[in-house]
Amino acid sequence: MSTAVTDIRDGAPAESSRVHYLNANYGIKSWLLTTDHKRIALLYLGSITLMFFVGGAFAVLMRLHLIQPQGALVEPDTYNKLFTLHGIIMVFFFLVPSIPATLGNFLVPMMIGARDLAFPRLNLLSWYIYIVGAIFTLYATISGGADTGWTFYTPYSSGFSHTQVVPVALGVFITGFSSILTGLNFVVTIHKMRAPGLTWFRLPLFIWAMYATSIIFILGTPVIAITLFLLGLERLLHIGIFDPAIGGDPILFQHLFWFYSHPAVYIMILPGMGVMSELVTCFSRKKIFGYSFVGFSSMAIAVISFLVWGHHMFVSGQSIYAGLIFSVLSFLVAIPSAIKVFNWTATLYKGSVSYQAPMLYAMGFIGLFTMGGLTGLFLASLATDVHLNGTYFIVAHFHYIMVGGAVMAYLGGIHFWWPKITGRMYPDGWARFAALVIFVGFNLTFFPQFMLGYLGMPRRYAVYPAEFQVLNVMSSAGASILGVGYLIPLIYLVWSMRYGPAAGPNPWRAKGLEWETPSPPPTENFDEIPVITEEAYDYANPNPGVARG
Amino acid sequence: MTGFIQSGFDTLAAIQEGIPIRPPAASSIAEGVDRLHFFLTGLTLFFTALIFGVIFYFMVKYRRRSEDERPAETEEHLGLELTWTLIPTLLTVVIFVWASSLYFLNSRPPSAAMEIFVVGKQWMWHLQHPEGPREINELHVPMGVPVKLTMTSEDVIHDFYVPAFRVKKDVVPGRYTSLWFEATKTGIYHLFCAQYCGADHAEMIGWVYVMTPADYATWLSGGARNESMTQAGERLFNRLGCVTCHIADGTGRGPSLVGLYGKQEKLRSGEVRVVDEALIRQAIVNPNSIILPNYPPIMPTFQGQINEEQVLQLIAYVKSLGPEERKSNAK
């Protein structure tokens, strides 16, 4: 262990002679036909980063457009396509796969002491499926785009929109299968391939979070696939399913859509919560406070998340009594999240806290996620939801969860495991600076939107009354800062792959099996399968906690 | 480019005038909703400050002082876990009860409410007063009188939203939804469509004019003399030939509609339904789905031949044949 630390301090070159998963073989074929979970994680990392910046570019254009009440940049038609494609790309092609497909793919086998996932070829297939879905969606974007909103509400999407609804929906439909396969792969791997001694309650909480996420992948994704398939049937063949003019029920679509899409919110945030537990423990050198409460709260969230979809439909004409039930269940799902936040905070108590970049992202996550979660109470409350539903308040709320929460955790995780993935360190000063820029830019972008929503400005408006301009300009200014904040890590992370100092196996002196193997890891992950002798996050014990089999 | 610069100046000027933080509150429910809103805002700020505060405190107090620090393990604390599970649970129970009872109250229109009919279509609002006046993207209402809106859509889902009243409800094709409000302050307030409905969604906006009852009466009687909704409905009833089968004394090929509104009817399928707006609408657009026993299924559909506003006029006419009229005939 101590030799590894000396390596960083001396800035010794990476063990260039050592064979690891990155230099085991070369050439485009060795990547496109790989079954190594670590290489597939990198394939995903490249693809979702591309999608993130495409979706982000749409957001920047939208915010520029909204600087003026009459719209500064584009026609309303184009604006409608911008927010639709921003939503679809960010939700289905970035947030849903983000942590599971990159960090999850890389870490699940390493954290449980396995050599790969249970089904390596299925894993590669899921990446190809993702790519086919992404290509469909990007093709549809170039050939005219869609203007239905990412929610595809009927009968607008099935009978009235004149845009490329079917290709876009088909892209989302296809990509869903990659989620299902990844979920299956993780569940089987976590059940069957844990190293000797690694019992369920010795697992890192990241694994618990991945397990909970996988369950939602498997149970929820088929529903959105079926829903979009029915939408396609109605649009192409005029079979009356959702359009009342041909005998359908438009509200049925919303039930089906949110039955997946609310749990999908937890697909996006649960993995971030898993990352948080790893970061907070490492950078305070403490065992997680309340391991079982944090672990079981992930499972509770996964289960309850399937029972709250109706809170998206309080003003749809749903019965008052249905509203009451969905309201109480929505309050219930808030409690496991609160438990997690309190436990992370308590973990810092009497710890040894350092402020490296991943920890700054983690602290940003706790604050913004708390804010996002609490503003959810406004929307679970029936009386206030009536006023706030469909306004910018909703937009602000879910961006606090999805960007303030999920994206912060994703970036924190990338910074934390980057040395493991690439074997190199990035400049910590720049990384801390970027974290700060992102935090400031984020708040300036989205806090004014809470105020806009309460004042009554509806979302998805290409033009708006002049009285809302000040807050819109503030939000747009924040968005430009946020955009720059996201570009900085892209630059220094790419730079570090070539020029960064060697990281050594465990630069953070973290616990966890993934840190017990060299960086970058060998293709087989471990020279010998470790035998686990201690609980997760046993930071009080300086020894590795594994016995060599 | 000059446009951008100009908007910069406009923004600065507006900041000097102060950013609004509260929308006008002009209905009987607005204050109650705002009280809950402010309570939740306070709660959010309190807990966010608490969590941030504790994190900062711990980060400074327990900052790493040497690279080799190995802090001792903290014992798990069941009492603490239960405390921070129970406190949020109790808080959410309080909020749930408060918010739900308020919503329950806000959702029930008083029985004496005046009725106005709303039809949304891409991208405009059609509003119809029973007395006859019809408006587009403007709604005139009297202050201090409960108003119930019965709403439907010609095409896609819209949403009727008046921020100053804190009311909102989706306007759904193929069915009726309703909302009610009682305006408490005269003035002009925004009307927005709050459910995305296509290209000009952002232009599907209008104004609600709240007037004193006296001004409202003047407004109703002014302008071109419209026929009332009931009269328009009766004219349609005759023109479309409904009258040839639905003969008032019950001798026609279809049931008499006199005194039908509000009654419970047993359908041929065995289902018992109350004759309300939704049922009458269904009978007009999809008649074979609700045949009464003893009558043949011979009525043609009128879907596509009349628009939603005309359906509403026919309903107004059928309602006018309702129980009240029957009573007065009996005298």
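Here are my entries, from the contact between the chains to the sheet and domains of one of them.

**Entry 1: before anything else**

I noted that this model is predicted, and I kept that in mind for every entry below.

**Entry 2: where the two chains touch**

I began with the contact between the chains. Chain A brings 81 residues to it and chain B brings 77 residues. Next I looked for the elements of chain A that give two or more residues to the side touching chain B. I found helix 4 (76-95), helix 7 (156-160), helix 10, helix 12, helix 13 (357-380), helix 14 (382-388), helix 16 (428-455) and helix 17 (469-499) of chain A. Which of these elements of chain A gives the most to that side? I found that helix 12 of chain A does, with 12 residues.

**Entry 3: two helices of chain A**

Helix 10 covers residues 250-284 and helix 12 covers residues 320-347 of chain A. Their axes are 9 Å apart and meet at an angle of about 15 degrees. Angles under 35 degrees count as roughly parallel, so I wrote down helix 10 of chain A as roughly parallel to helix 12 of chain A. The crossing of helix 10 and helix 12 of chain A is left-handed.

Then I looked up the residues that meet. From helix 10 of chain A come A:M273, A:M276, A:V280, A:T281 and A:S284, and from helix 12 of chain A come A:K340, A:W344 and A:T347. By class, the residues of this contact are four nonpolar, three polar and one charged.

**Entry 4: a sheet in chain B**

I turned to chain B and traced an open sheet. In what order do its five strands lie? I read the order as 3-2-1-5-8 in chain B, with mixed pairing. Strand 3 and strand 8 (177-182) of chain B are the edge strands, each pairing on one side only. From one strand to the next, the twist averages 25 degrees.

I followed the pairs next. Strand 1 (residues 114-121) and strand 2 (residues 124-128) of chain B run antiparallel and are joined by five bridges. Among the partners, I noted B:V119 with B:H126 and B:K121 opposite B:M124. A hairpin of two residues links strand 1 to strand 2 of chain B.

Strand 2 of chain B also pairs with strand 3 (residues 134-136) of chain B, antiparallel and through three bridges. There I found B:L127 bridged to B:E135. The hairpin of strand 2 and strand 3 of chain B has five residues between the strands, and B:G132 in this hairpin takes a positive phi near 130 degrees.

**Entry 5: two domains of chain B**

Last, I checked the domain assignment of chain B. Domain 1 takes in 22-52 + 79-226, and domain 2 takes in 229-330. The C-alpha centres of these two domains of chain B lie 31 Å apart.

How values were computed: Residues are numbered from 1 along each chain as its sequence is written. Chains are lettered from A and ligands numbered from 1 in the order in which they are written. This is a predicted model: local features need pLDDT of at least 70, side-chain atom pairs count only at pLDDT 80 or more; totals for chains, interfaces and linings use all residues. Axes are lines fitted to C-alpha atoms, for helices over the stretch in contact, and angles run from 0 to 180 degrees between N-to-C directions. Helices (H or I, at least four residues) and strands (E, at least two) are DSSP runs, numbered from the N terminus. Angles under 35 degrees count as roughly parallel, over 145 as roughly antiparallel, 65 to 115 as roughly perpendicular and the rest as oblique. A crossing is left-handed if the near helix is turned anticlockwise from the far one by less than a right angle, and right-handed if clockwise. Two residues are in contact if their C-beta atoms, placed from the backbone, lie within 7 Å. Ala, Val, Leu, Ile, Met, Phe, Trp, Tyr, Cys and Pro count as nonpolar, Asp, Glu, Lys and Arg as charged, and the others, Gly among them, as polar. Two strands pair if DSSP finds at least two bridges between them. Domain bounds come from an automatic or database domain assignment.
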